Amino acid sequence: MTAAYVALEGGHVIEGRGRAPGTARGELVFTTAYTGYEESLTDPSYEEQILTFSYPLIGNYGVREERFEDDRVHPRAVLARELTDDVADWLESEGVPAIDHLDTREVVTDIRDGGAMKCGIAVGEDATKEDALNELEACKGMSEHTEIGAQVSVDEPVVRGADNDGETVALVDCGAKGSIVDSLVARDATVHVLPHDTSVEDVEAIDPDILFVSNGPGDPANYEQAVSLVEAFVEETPVAGICLGQQIVARALGGTTEKMAFGHRGVNQPVLDLESDRVVMTTQNHGYTVDEPGEHLEVSQINVNDDTPEGLDGVEYDVLTRQYHPEANPGPEDTLDFFDDVLAMAGDRSQRAVPADD
Ligand SMILES: NC(=O)CC[C@H](N)C(=O)O
């Protein structure tokens, strides 16, 4: 058995079975999702985090690339009660340390009590407790990763759905899941996937029908340029956002965000739509939340468990955002109509527009 150590903030060290070697550090979080490990492990929003699966068996239906949300694994390390060989081999090939045969209930309880915390990992024949503690010592807080957008965003613009004849979407890629882009392209949109720090001029050159801010890792306070884009376009162009995107839109419109104790990560988070009085089940992965939406936004949906904002509507502007993941990869498909509603904002606007030569 390969030695494996997990050093938690405060210095408590847990031992497990090493399944993929290496050392790592990151913010320790958990997901309660019982399916969708391929999607979770390739979700860019897990960058700089160490992911604990609370569901005890991970990997029982294999590993297939068509399920991936990005071209690499994003968590810095993975913890589970039991990992199949398929998943352990995949993580090893990606250079991501993995540990199983540990009491994940203990880890999850520690996170619930202490909040998402710094963590150090050491796995390998010669790995020691001290190696894990050294990683912990070097671990930064999530908000200190000020360049995290650059780690996950495209370097150059990419156009998807170029032959579509629907709406033109400028998607600010702060670490977008592939299925968000796919959901828009499937609805006939042409999607310009743009670097997280794209300039106002570059977006103007595209003349989009919708400005869409993606999900992504880390603290929304570290995405100043994306905030500036929303400020620059919101009066003229409909704006949409998912997860980090909701947080960025709120910050741009005078709202505030805050860090949660341990966040929401799973595929069965209940959300109440305040207008229809209906509850939908949603997929979530976030550790920050909108605190005050500000005077330009109103809360349209809330989390049933803790009342945090799950959807925001513009008061005087065309704005529509979700804190959860409506693209549902993985997860229940209760929320796919979000994409239809976003694209309809562009149609509504063109109907209202006064022809230029009138
Ligand atoms: N999935 C996401 O977009 C996560 C958003 C943000 N990084 C958070 O943790 O709250």
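Biologist: At which residues does UniProt place the feature "active site"?
Modeller: This is a predicted model, in which local features need pLDDT of at least 70 and side-chain atom pairs count only at pLDDT 80 or more, while totals for chains, interfaces and linings use all residues. Residues are numbered from 1 along each chain as its sequence is written, and side-chain values use heavy atoms, with hydrogens and water left out. UniProt positions follow the numbering used here, with shortened feature names, and annotations may be inferred rather than shown by experiment. In an unreviewed entry, the record places the feature at Cys243, His325 and Glu327.

Biologist: What is the largest C-alpha distance among these residues?
Modeller: The residues named in the record as "active site" are Cys243, His325 and Glu327. They are spread over 85 residues of sequence and yet cluster in space, with a largest C-alpha distance of 11.2 Å.

Biologist: Between which two elements does cysteine 243 lie?
Modeller: Helices (H or I, at least four residues) and strands (E, at least two) are DSSP runs, numbered from the N terminus. By that numbering, cysteine 243 lies in a loop, and the elements on either side of this loop are β14 and α9 (244–252).

Biologist: In which sense do β13 and β14 pair?
Modeller: Two strands pair if DSSP finds at least two bridges between them. Strand β13 covers residues 210–213 and strand β14 covers residues 239–242, and phenylalanine 212 stands opposite alanine 240 in β14. Over three bridges, the sense of the pairing is parallel.

Biologist: Which are the edge strands of the open sheet?
Modeller: The open sheet has 10 strands with mixed pairing, in the order β10-β12-β11-β13-β14-β19-β18-β17-β15-β16. The edge strands each pair on one side only, and they are β10 (158–160) and β16 (278–290).

Biologist: Which element gives the most to the lining of the largest pocket?
Modeller: On a 1 Å grid over the protein atoms alone, a pocket is an open set of points where a 1.4 Å probe fits, with protein on both sides within 12 Å along at least five of seven lines, and lining residues have an atom within 4 Å of a point. Of the 23 residues that line the largest pocket, those closest to its centre are Glu69, Asp70, Ala176, Lys177 and Gly178. Both β10 and α6 (178–185) supply at least two residues of this lining, but the element that gives the most, with four residues, is α6.
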